[in-house]
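Subject: Structure handover

Hi,

Here is the structure we talked about handing over. Please open it alongside this message.

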Amino acid sequence: MAKGTVLIEVERCKACGFCVEFCPTKVLALSTAFNSKGYHPPHVIAPEKCSGCDLCGMFCPDFAIFGHRDVPAASEINQ
Amino acid sequence: MNADPRGVLSGTHFLDGDHACCEGALAAGARFSAGYPITPSTEIVERFSSRIPTVGGTFIQMEDELAASIAIQGAVWGGAKAFTVTSGPGFSLMMEHIGYAVMTETPCVFIDVQRGGPSTGLPTLPAQSDMMQARWGSHGDYSLIALSPNSPQECFDLTITAFNLSERYRTPVMLMMDEVVGHMTEKVVIPEADKIEVEPRRHTKKSPAEFLPYEPAEDGVPEMVHAGEGFRFHVTGLTHDERGYPSMTPQTQDKLVRRLRSKIDGANRQIGLYEAEGLDDAEVVVVSYGITSRVAQRAIELARVRGIRVGKLRLITVWPFPEQLIRTLAKRVTAFVVPELNLGQVVLEIERSAGSHAHTISVPHAGGNVHRPEQILDAILEAAK
Amino acid sequence: MSVTTIAPPANPVERFLRTDRMPHIWCPGCGIGTTVNCFTRALIDAKIDLDHLAIVSGIGCSGRVAGYVRLDSFHTTHGRAIPFATGLKLANPKLQVVVYSGDGDLAAIGGNHLIHAARRNVDLKVICVNNLIYAMTGGQTAPTTPGQVVTSTNPYGTFDTSFNLPHLVEAAGAVYVARWTTYHVRQLSRAIAEIFQKPGFSFIEIISPCPTLYQRRNKMGDGLDTMKYYKEKSKVKNGAPTSEVGLDKQGEIIVGKFVDRARPDYRELMVNQMHESLGSRFIDPVAAECEEGEPQGCEEGLCS
């Protein structure tokens, strides 16, 4: 089960590919779709593998992606 | 508001112009200076470096004039009143940051104790040949303020005025001294602190949410904040909008540059300081500034003995230039006589303002010493023919 | 029953950006944005009080950082970020002052200021984004450009010797000197957090791609290829002698923390000297300000 989630702001992306290449668990791939500037932004291909480490967020020179660790629901904490 | 008494050396002193200038800066509230040594200006910061540790402030000797002229602006944005001093070769290096101070509207004072040029020129001898450089030396269109003292007392008084004007109009102000005034020793009276009027910084009272760093007040001058006050503001030498953000459009450029000019040119009447004598019935007017005005005084007296109606106009504020005043005078006098320690700089402005209404006679001098009164007298006699 | 609304998570860099100025001007694959991520993560980790932080940049691509971060920020003239920052820091010692600029700005036109600020040990945090070229103006040779590199002003290849910046600033007196690349995001972020705890002149060099004007002209691929090169050819050598960390066109990149030493900073030296020479006549400018009713300096113990 995924421990994290990655969020992408497609319109800021310039398709450098840093996030795809350096994601340690290979969650991402460049999409075939275009954003309005004509770049292929990344999309999530393996959401279950995301650890929420935010390396994608640290690499992204365009501030277009980041990862965060999922907060467990209150019920899970109680258990 | 009144001067901070810690910086005011009240009393009657025997000081040279350079030292008087330093006391003026301290009285005006300058608590930061950065400098690079250069003859004949260095005594100003030598005295400042000796005085400031017991007043509460900082002097730092920088690696060059480029550094000195921008370090003072960092200090201003950190909350201090600041100035630097130099002479011709250093003034040339400072041009970059005169432009930066104009563009970012950083209040600060540049003191140029003029010596002969071009280049290294005459390090220990006087000139007034940086006057046009003070006006136009940095690239781009702008207006600024330049004052010219002719005595150590005025070096003290006008340094305070320079700081006050820089704060009121948020502009760099040039104090255009010369080697003779800088090294001339005379009586200097420094009043009590409560008799010295000091212009406070135009600090905003708005909250960070309401504040726009380059939104002009009615007089065209924006309010200011300092780093570390929670405003998270941006300052740039690029053409910028009222938020302070770069904006590369002809519209922003037009609005900004016109405002930078008009806030100074439009206040010419408030900024202008002159000493006038015998203008009412004058046929010839001698226009001079700085050390040359003291020689001109003798020439005027000699001419009056010969029955010539000579008026005296001493420019204390040289920039912005008193165009309107000259234009008015030109309609009722025969000629202007303009002695300067250069080969004709400010005379060009007089010629332009007088137009065809009056003759303009330049009395040039390449620098190195001052005119002989007879040189100016001859020009007056020629003008009165 | 109570309902709690959970705000959606935001990109950690977001609150540090002037979002009304996005998108930024940097090219696809440029590393400057990556360095900004590391800088902002460091601000979070080091718990920096953003109201007492100022950032000063010079001119160039990296010089644009000041304009994009939502801090008190100054975009100064070319090469003069350091002397501006020196004045700012000395006039207001309560501020943490970061100089964020490029190699051309800091080491060429600003080279004199760089060495003198290091010599004085002014308390400045200098972050130098080194893309080995003048990028903003179109890829001219910089003093950092390694030999054999084709630039727009050395179309037949550079041949003059380049600066080894860590060696230069160590020799000039910096108390902290490190080099990372834009591939080393975690290490870089930690290094930036570390210099906030370090009084004196700190210098971090970040090797960063300029795919548009450096890599492309030299047939070295794009930004991603450059990042892969950094990953492959970088060698971490903490404490390496800086004389041995010079860069060449395609060789090894030595990264790590090279220098971490202590010596009193400019202000401390000044205050000590004045106390020694003037005794009780000396008025510390910070203390003078406190008397005027601004107690912040006292809280931080600057008056003592």
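Predicted model: local features only at pLDDT ≥ 70, side-chain atom pairs only at ≥ 80, totals over all residues.

**Where chain B meets chain C**

Chain B puts 41 residues into the contact, and chain C puts in 35 residues. Which of them gives the largest share? H3(B) does, with nine residues. By class, the chain B side that touches chain C has 22 nonpolar, 14 polar and five charged residues.

There is also strand pairing across the two chains. S10(B) pairs with strand S2 of chain C, residues 72-75. The sense is parallel, over three bridges. Within S2(C), His75(C) is the bridge partner of Thr236(B).

**Gln114(B)**

Gln114(B) sits in strand S5 of chain B, residues 108-116. Is Gln114(B) buried or exposed? Buried, because 33 C-beta neighbours lie inside 10 Å, and the cut-off for buried is 20 or more.

What does Gln114(B) touch, leaving aside neighbours within four places in sequence? Its contacts include Ser87(B) and Gly88(B). A run from Pro126(B) through Ala127(B), Gln128(B) and Ser129(B) to Asp130(B) is also in contact with Gln114(B). Thr124(B) is ten residues from Gln114(B) in sequence, and the two C-alpha atoms are 9.5 Å apart.

**The five-strand sheet in chain B**

This sheet is open, with mixed pairing. Its order is S11-S13-S12-S15-S16. Strands S11 (274-277) and S16 (359-363) stand at the edges. Each has a single partner strand, so one side of each is left without a neighbour in the sheet. From one strand to the next, the twist averages 20°.

One pairing inside the sheet joins S12(B), residues 284-288, to S13(B), residues 310-315. The two strands are parallel, over five bridges. Lys312(B) in S13(B) is the bridge partner of Val286(B).

Two helices of chain B pack on the sheet:

- H10 (residues 292-305) touches S12, S13 and S15 (335-339), and its direction makes about 165° with that of S12(B).
- H13 (residues 373-384) touches S12, S13, S15 and S16, and its direction makes about 165° with that of S16(B).

Best wishes

Notes. Residues numbered from 1 in each chain as written. Chains lettered and ligands numbered in written order. Contact = placed C-beta atoms within 7 Å. Helix = DSSP H or I, 4+ residues; strand = E, 2+ residues; numbered from the N terminus. Nonpolar A, V, L, I, M, F, W, Y, C, P; charged D, E, K, R; others polar. Pairing = 2+ DSSP bridges. Buried ≥ 20, exposed ≤ 12 C-beta atoms within 10 Å, placed from the backbone. Axes fitted to C-alpha atoms, helices over the stretch in contact; angles between N-to-C directions.
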